[in-house]
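Please examine the structure shown below before reading the report.

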Amino acid sequence: MNDAHELRAAVDLVGLGRYRSDPLTQAIQWDARLKAMWGLPPDAAVDLGVFLAGIHPEDRNRVQAALGQSVDPDGDGVCDIEYRVIGVNGGAERWVATRGKTVFEDGKVVSFHGVVLDISERKRAEHTNLMLIAELEHRTRNLLAVVDSLAEQTLASCESLQDFSVPFRQRLATLSRVQGLLSRPETSPVTIGEVVELELHALGAEPDGSRVIVEGPEVPLPHRSVQILAMGLHELATNARKYGALGAPSGSLSVRWHVTNDDGPRTLVLHWAEDGIASRRTTAAHPGRVGLGRTLIEESIPFQLDAQTHLVITGDSVRCDISIVIEQTTEPRAWNALR
Amino acid sequence: MNARRILIIEDEHIVAKALSRALHETGAEIVGMAATVEQALKLVETIPEFDGALVDINLRGIWAYSVADALAGRGVPFVFATGYGSPIIPDRYRHVPVLQKPFEPQEIIAALFG
């Protein structure tokens, strides 16, 4: 075994650039890998000016301060710093980490040498993490604001406090279910079918091809439409359970959708239809007040999405049509804009 | 004293609606609600007179600073509402009050009119 050989191989495997400087002659020696990080050819001459010119202007003072400290005979002689390199041509920006060591003799600097590692990948990952955390905080706080408002609005539409608990907790459960869908990666978008089945399933209604029909193509939904759509569908489903097709033996429910671009932008059109519920509605229908469910469908969905909704409740049927423009599938995500 | 006329710029409808209700109960008048930067700019331009605005800084994934600039241009005071930590707000708006979600509707009045 040859130690020098192994050391050399290790340096190459890690990708370390090496430097050495002589304080007396001011000579600076860099290896080819380090020169490449500064955008220099292997045979280029290096001096202090070249070194500094390749450092990001915002980081230059910090680097010089760290170097200054490392030649202080009262210190430990170590220079340990991460900074940005733009190269002598100001081209690509990369992050590097360097560790250098000053050697003193009788309190005098005799040499300074060290290594440099390109850490751009790690910095990118760290940055992505920070953005994700910021986005998570954003989402959490927004969700709390929604829950807060939901409590207010549910309370406002209740006759008494006793009426509050069940609808509020069901709405909370809807929000909770939908968070599971929303945390999936962008590469597997949530489809309308998933949201419909999730909300029906939560009320114990499974598509059986006769009393409960769910039919439509796989259509990915814009990310920000998922939550409000789930909330709207929950209101329809829970009403169907209480007053409509999901609670009446003779009742039937169909949820069908398709995609059209006849009249312009690509649009998802969903039809919710309940029939055969005459006996239920006459005994249980709400007396004339506009519930939060109706508000969510008739006001919230059109306000938040490029959408139109149309809800008609008659003596023995319920019809709800929802059209949503889904053309823009690559919507901006807030944290992308943060970069 | 006349009712304070307030514009609400917030893309979660249920939040905007609950705020409207609460502000209305304090005697304020809601002159409009907008969910997008485009809608908000149009309202800022066309509403004849109003006294203040609440601006969610992120509307459907778009930063709402152009709305802030339009409000400043009209000399209408405004507050930001956000779910993000405040460091993301650009320096030039450091004088603008920031309400971290969720917040009490009364905080809007306090932040706008002291």
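This is a predicted model: local features need pLDDT of at least 70, side-chain atom pairs count only at pLDDT 80 or more; totals for chains, interfaces and linings use all residues.

## Two helices packed against α8 of chain A

Two packed helices are described by the angle between their axes and the distance between the axes. Helix α6 (residues 165–182) of chain A packs on helix α8 (residues 226–242) of chain A at an angle of about 140°, and the axes are 9 Å apart. The helices α6(A) and α8(A) are therefore oblique to each other, and the crossing of α6(A) with α8(A) is right-handed. From α6(A), the residues Gln170(A), Arg171(A), Thr174(A), Val178(A), Leu181(A) and Leu182(A) take part; from α8(A), they meet Val226(A), Gln227(A), Ala230(A), Met231(A), His234(A) and Thr238(A). By type, the residues of this contact are 6 nonpolar, 5 polar and 1 charged.

Helix α7 (residues 192–202) of chain A also packs with α8(A), at an angle of about 40° and with 9 Å between the axes. This angle makes α7(A) oblique to α8(A), and their crossing is right-handed. In α7(A), Val195(A), Val196(A), Glu199(A) and Leu200(A) form one side of the contact, and in α8(A) they meet Val226(A), Leu229(A), Ala230(A), Leu233(A), His234(A) and Ala237(A). The residues of the contact of α7(A) with α8(A) divide into 8 nonpolar, 1 polar and 1 charged.

## The contact between chains A and B

How many residues does each chain give to the contact? Chain A gives 25 residues and chain B gives 20 residues. On the side of chain A that touches chain B, at least two residues come from each of α5 (120–156), α10 (292–304) and α11 (334–338) of chain A. The largest share of that side, 14 residues, is supplied by α5(A).

## Helix faces in chain B

An α-helix has 3.6 residues a turn, so residues three or four places apart point the same way. In helix α2 (residues 37–46) of chain B, the buried residues are Val37(B), Ala40(B), Leu43(B) and Val44(B). Viewed down the axis of α2(B), these buried residues fall within an arc of 130°, so they line one face of the helix. They pack against β1 (5–9), β2 (29–34), β4, β5 and α3 (65–74) of chain B. Glu45(B) and Thr46(B), on the other side of α2(B), are exposed.

Helix α4 (residues 105–113) of chain B has Pro105(B), Ile108(B) and Ala111(B) as its buried residues. These cover an arc of only 115° around the axis, which puts them on the same side of α4(B). Among the elements that cover the buried residues of α4(B) are α1 (13–25), β3 (52–56), β6 (78–82) and β7 (98–100) of chain B. The exposed residues Gln106(B), Ala110(B) and Phe113(B) are carried on the face turned away from the buried side of α4(B).

## Around helix α4 of chain B

The loop between β6 and β7 of chain B contains Pro97(B). With 15 other C-beta atoms within 10 Å, Pro97(B) is partly exposed. Leaving aside residues up to four places away in sequence, Pro97(B) touches Val79(B) and Ala111(B). Pro97(B) and Ala81(B) are 16 residues apart in sequence, and their C-alpha atoms are 8.7 Å apart in space.

Pro102(B) is in the loop between β7 and α4 of chain B. The peptide bond from Lys101(B) to Pro102(B) is cis, with omega near -10°. Just after α4(B), Gly114(B) has a positive phi of about 70°.

Most residues other than glycine have a negative phi, and most peptide bonds are trans. Asp106(A), however, has a positive phi near 55° and is not a glycine. Asp106(A) is placed in the loop between β4 (94–105) and β5 (108–118) of chain A.

Arg60(B), which is also not a glycine, has a positive phi of about 50°. Arg60(B) lies in the loop between β4 (58–59) and β5 (62–63) of chain B. Are these residues buried or exposed? Asp106(A) counts as exposed because it has 6 C-beta neighbours inside 10 Å, whereas Arg60(B) is buried, with 20 other C-beta atoms within 10 Å.

How values were computed:
Residues are numbered from 1 along each chain as its sequence is written. Chains are lettered from A and ligands numbered from 1 in the order in which they are written. Axes are lines fitted to C-alpha atoms, for helices over the stretch in contact, and angles run from 0 to 180 degrees between N-to-C directions. Helices (H or I, at least four residues) and strands (E, at least two) are DSSP runs, numbered from the N terminus. Angles under 35 degrees count as roughly parallel, over 145 as roughly antiparallel, 65 to 115 as roughly perpendicular and the rest as oblique. A crossing is left-handed if the near helix is turned anticlockwise from the far one by less than a right angle, and right-handed if clockwise. Two residues are in contact if their C-beta atoms, placed from the backbone, lie within 7 Å. Ala, Val, Leu, Ile, Met, Phe, Trp, Tyr, Cys and Pro count as nonpolar, Asp, Glu, Lys and Arg as charged, and the others, Gly among them, as polar. A residue is buried if 20 or more other C-beta atoms lie within 10 Å of its own, exposed if 12 or fewer, and partly exposed in between; C-beta atoms are placed from the backbone. The arc is that of the directions from the helix axis to the C-beta atoms.
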